[in-house]
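Subject: Structure handover

Hello,

Here is the structure for your files. Please open it first, then read the notes below.

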Amino acid sequence: MRSLTQSKSLEPEYTPYPVYDEMVDATGGIRLPYRKIAQTLSHMSLEELNTLNLSMQAQWVREGITFTLKGAGGEEDLERTIPFDPIPRVISSEDWVKLEKGLQQRVRALNTFIYDIYHEQHILQDEIIPKRMVTDNPCYQSIMAGLRVPRDVYIPLSGIDLIRDENGEFYVLEDNLRCPSGLSYVFQSRKLMKHYFHELFFEHRVRDLDRGMGALLSCLRSLAPDGKSSPAVVLLTPGRYNSAYYDHCFLARQMGIPLVEGRDLAVIDRKVYMKTIDGLQQVDVIYRRVDDDYLDPTVFLPNSMLGVPGLMDAYRAGHVALTNAPGAGVADDKAIYSYVPDMIRYYLNEEPLLKNVPTFILTHKVHREYVLAHLSEMVVKERFLSGGYGMLIGPSATREELKHFAEKIARNPEQYIAQPTIRLSTSPTLVKGHTLGRHIDLRAYVFMGEDIRILPGGLTRVAMQEGSLVVNSSQGGGIKDTWVL
Amino acid sequence: MIMLRTAESLFWIGRYMERIESHARLIDVHYHMRHELMSTGQGTQGMWERLAAIVGEEPSSIPIHNESYEHSVIHYLTFERKNRNSVMSCLQQARENIRSLRDRIPDELWDVVNCFYLWLKDQDLHKLLQQTPHTFYQRVREGTALFQGMSESAMLWGYEWHFIQAGKQVERMETIVRLLQFLYKDGANHDILPHQADGYERIAVLLHAAGAYEPFRRFHADDLSFENVVQFLLFNPEFPRSVSYAYSRLADALTAIQHSGPGGEEAAVQALLHAGRIYTHLSRWSQEDIGYSPVNLCGDMREAIHSLAASIAGGFFEETAAVI
């Protein structure tokens, strides 16, 4: 049992087991980046902290930072807010420099990989990655083969998930290259902290976020076909029932671009138009937050109401840019993930700066046997799902769950990958009125246009349940503001 | 430059917020002027049935709540989500529309409507009765007033603003005409010609229901005659809920839309033509003896308003092929 006895509001039983804590080191001392925070927390009573917390949560509800879970069969829709934790997560500038370099390298390699896959496929010819892993991949879109994409940039916005292990080392947990969400929460968290916890905020020199949206907009504009100078950029959303809808609205507003739904667009003569009051207006760049499968009913799922018929045709004709490019999902598959270090070596001739979590590919007999023998120590994920669904967390699973998963793996090994359970780092979090350690991760946002830029900080997600390693908001996870000093 | 879907949502935001206010006022008035309304020997049931009919509900179809017809009507018109015209449903719909337009509508406006919604979501019949209906409905009207004020001060006076105004004015016109139509029908049913003195209470209620009692008094200090009241509600150029005032504001909004861009022009012209028909009907009323005007004149007015709404929908919210 570790204890923190320095302050009024930190509990004696902070974390029940050994773990890397962001604020407190193994001897019980406070790490340098957190000194002022620990001091402030120790001067605040729990009541003050709780009152502050309640005001902040109420503000989120007022702002409508919610997502909707559609009510089943005539029942009311449920609107939920994402819990916000007032104690920020701090990253030292030394750590950040390393992360930035590593992320730039990784995204560059990933982008090159996607290009390669849809062109000569050198990496497959040279057998660095098994061919079937790409060609059998449901996210591989054959329509993209040979297509020229503006500036050869397939992933202008990506979300790379990072964690720290028991030794405090950073690892990449996952790449999200299709429609990474959460950017709005980064900005709203910062706003909340500035308004409600300003004394603490202004005691630190936190790197600014505000240029972030400008950077994204520049990226998007730079992707206009034929290098058009004042391109019309829009954000395509599935609409208000999508759980990331707030994110879409926020991004559109911050960038000053129209938020459109599929039904607002029409393709005529292979060009895309917006249906406005004044008639049809041509669109040059679509930042789309609709999944590949729903984008165009004439090419993908035919009964999709969210897409635009003929959109892919316009894309192929080079009359509109779609970002992130369709088919980019071939690179954020959880099995392909294990090859990213190889991609970095292959394309960039460099050693990876950021490590991958060791991953077992279950189609390999040796891997599979090992995993099945040690299932209770493993985290098993479905290759093509996200949001924390369909996961097995071995250490906290029941015997029934383990048995059930073993059967699933035996039946369809190509659907799963496994990783040893990593005890994620913890961060002080306000839980039911007490400050306790809770596991966190970090989603870093990378913008790729003419160059590659990283948003300082990103989204720190926290698993609100004691001992839980699942941080996704759909599973009840919360959020913290992230400070890069 | 806005999208068709956006224009339609905005128009309906204007209509819903206005509808909430008029319903709140109507229910409040009926609740508190029950003595005036019962003076002809009717029990409360009849009075509440009439209220339901005024807002366009079939009285017998209202589900019984708490075993009291009065409570059933109040609940049905205020909270019932299955009733698309209840205060709750209108507010929910308006909020959803604003939510789908959050990229175009100022945060302050969202804030105002969202807080209003969060408050109303937490209310029920029991709480309504506890805080007294008057306090409750006053709070509802404050919510809509906040919306009106905030939209006026926070929004750019572009398309978005004008479409909201258009919706509001169409709803206002329809509300008054429906009130009058009902009054005439009611008068015919109960063998009370509106211009007779017995109708005094009914007239007072009408004025209160339209929020016109004090304004009317400023123009007609002691002459509460039916003709004067109808004249006031139809033609007074200063009273913001008179049909003629609503018509002018609507014409202003349509003209502004017409001048905002090429595509809106034709649709605006068509809509203005329809609005003009309303003006024609209004002129007919000023000529005939208001006291003996037949019920179908109200019917004509309502039809004209419906055509206007349809023209706005058809002209603005449906696709055209024009490429710009």
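Start with A:E369: it counts as partly exposed because its relative accessibility is 48%. The classes are buried under 20% relative accessible area, exposed over 50%, and partly exposed in between, with a 1.4 Å probe and protein chains only.

Before going on, the ground rules. This is a predicted model: local features need pLDDT of at least 70, side-chain atom pairs count only at pLDDT 80 or more, and totals for chains, interfaces and linings use all residues. Residues are numbered from 1 along each chain as its sequence is written, chains are lettered from A and ligands numbered from 1 in the order in which they are written, and side-chain values use heavy atoms, with hydrogens and water left out.

**Salt bridges in chain A**

A:E369 forms a salt bridge with A:K365, with the closest N and O atoms 3.3 Å apart. (A salt bridge is a side-chain nitrogen of Lys or Arg within 4 Å of a carboxyl oxygen of Asp or Glu.) Both residues lie in helix α13 (residues 365-373) of chain A, four residues apart, about one turn of the helix. Helices (H or I, at least four residues) and strands (E, at least two) are DSSP runs, numbered from the N terminus. A:K365 is exposed, with a relative accessible area of 55%.

Helix α12 (residues 340-348) of chain A holds another pair, A:D342 and A:R345, three residues apart, about one turn of the helix. Their salt bridge has its closest N and O atoms 3.3 Å apart. A:D342 is partly exposed at 27% relative accessible area. A:R345 is partly exposed too, at 35%.

A:D247 and A:R289 form a salt bridge as well, with 3.0 Å between the closest N and O atoms. A:D247 lies in helix α9 (residues 245-255) of chain A and A:R289 in the loop between β11 (285-288) and α10, so the pair ties together parts 42 residues apart in sequence. Both A:D247 and A:R289 are buried.

Over all chains, the structure holds 44 salt bridges.

**Around A:E22**

A:E22 sits in the segment before α1 (35-43) of chain A. It counts as buried because its relative accessibility is 2%. A network of salt bridges links A:E22, A:R89, A:D95 and A:R164. The side chains of A:E22 and A:R89 are joined by a polar contact of 3.4 Å. (A polar contact is a pair of N or O atoms within 3.5 Å; within protein, one must be able to donate a hydrogen and the other to accept it, and residues adjacent in sequence count only if both atoms are side-chain atoms.) Leaving aside neighbours within four places in sequence, the contacts of A:E22 include A:Y34, A:V90, A:S425 and A:I440. Contact means heavy atoms within 4.5 Å.

**Chain B**

Chain B has 15 helices and zero strands. Of its 324 residues, 57% count as buried. Among contacts in chain B with a separation of 6 or more, 67% come from residues 24 or more positions apart.

B:E18 lies in helix α1 of chain B. At 2% relative accessibility, B:E18 counts as buried. The C-alpha atoms of B:E18 and B:E171 are separated by 6.5 Å, although the two are 153 residues apart along the chain. Leaving aside neighbours within four places in sequence, B:E18 contacts B:Q148, B:K168, B:E171, B:R172 and B:R241.

**The interface**

34 residues of chain B are in contact with 30 residues of chain A. The area buried between the two chains is about 2900 Å², of which carbon and sulfur atoms give 49%. (Buried area is the accessible area, 1.4 Å probe, that two parts lose on being put together, summed over both.) B:M3, B:R5 and B:R99 supply 22% of the area that chain B buries against chain A, more than any other three residues.

The rule finds five salt bridges across the interface of chain B and chain A. A:E261 and B:R5 meet in a salt bridge through their side chains (3.4 Å, N to O). Between chain B and chain A, 16 residue pairs are in polar contact, both at pLDDT 80 or more. On the side of chain B that touches chain A, α6(B) gives the most, with six residues.

Best wishes
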